[in-house]
Amino acid sequence: MLRQASLAMVIGLTGVVQASAQGSNTTDIGQLAATPERSGGTLAFPAIFGAASAVAPAGGSGYVALTYANPRNGIAGSDGDGDVAAGYTFGNPVDAISVSVGIVVTGLDPFGDSGSFNISASRLLGSTDRSATFVGASALGLGGWGDAAADGESYAVYVSHLTSLGAGSAEIPLQLTLGYGNRTTLADDRSGRVEEGVFFGAGVGITETLSLSVSGTETQLNAGAVLSIPQLEGLSLSAGMFDILDNTDRQQFTATVAYSF
């Protein structure tokens, strides 16, 4: 479950990497989300750590990402491990439907002996000059091989909303997401069993390059940050912790380097 949560976070993160690199304003935010090169404000686009987002990358863009997680699968005493993910997005969620396809290789040593494919889609439901709402769906763990084949497939549907909060003369960008999936919730009996359930997340732009967020399920709470690198357009770093209260005995630190092109 934690690997899939990490992957969902990477997919969501790459949807806002380009916007984060340049900042965002709240003018026609629905168009901004789909075409982040239009951004020109002062605060980072609000990414969400640990939860899928229906805000899609721009059509015709791709991403590569490297994620390190410690301990492996959140099991105390296990070594750290890494995943490599890559994907590409077609279409436009504003005018039609955006579809992203990708592959993730789980584990770096040995590299390539375990992995799976993923697909997600999103569509703009409606927007104003101050907000936009997207609906999305994803399927992870498809066609798994090696150890990843035993993890099973996961499916989720979710809604994400972009808006801003007034703070004096400034406006702080905010993203909210709410969804439901078949493998989203770790049992709180500390067995590591994964169940269906609701997930949620909220992210806020703090500075020109930094956004902070929280996410969670019925049994755990996650927190993290995403930092864009303006000097290297398309590059971002994220770090955070799953199950910060260790309610499910699967607390795990993750860090990701993602590049969107």
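Colleague: Which residue does R193 meet in a salt bridge?

Modeller: Quick background: this is a predicted model, where local features need pLDDT of at least 70, side-chain atom pairs count only at pLDDT 80 or more, and totals for chains, interfaces and linings use all residues. Residues are numbered from 1 along each chain as its sequence is written, and side-chain values use heavy atoms, with hydrogens and water left out. A salt bridge here is a side-chain nitrogen of Lys or Arg within 4 Å of a carboxyl oxygen of Asp or Glu. With 3.2 Å from N to O, the partner of R193 is D189.

Colleague: Is D189 buried or exposed, or something in between?

Modeller: Buried means under 20% relative accessible area, exposed means over 50%, and partly exposed is in between (1.4 Å probe, protein chains only). D189 comes out at 46% relative accessibility, so D189 counts as partly exposed.

Colleague: Which parts does the pair of D249 and R190 tie together?

Modeller: D249 and R190 form a salt bridge, with their closest N and O atoms 3.6 Å apart. Strands are DSSP runs of E with at least two residues, numbered from the N terminus. R190 lies in the loop between β7 and β8, and D249 lies in the loop between β11 (235-242) and β12, so the pair ties together parts that are 59 residues apart in sequence.

Colleague: Which residues do salt bridges that share partners join into one network?

Modeller: The structure holds 5 salt bridges. Those that share partners make one network, and its members are D189, R193 and E195.

Colleague: What about R72: which residue is its salt-bridge partner?

Modeller: R72 is partly exposed, with a relative accessible area of 34%. The closest N and O atoms are 3.7 Å apart, and the partner is D81.

Colleague: Which backbone oxygen does the side chain of Q252 reach?

Modeller: Q252 is found in strand β12 (residues 252-260). At 3% relative accessibility, Q252 counts as buried. Its side chain reaches 2.9 Å to the backbone oxygen of P71.

How values were computed: Helices (H or I, at least four residues) and strands (E, at least two) are DSSP runs, numbered from the N terminus. A polar contact is a pair of N or O atoms within 3.5 Å; within protein, one must be able to donate a hydrogen and the other to accept it, and residues adjacent in sequence count only if both atoms are side-chain atoms.
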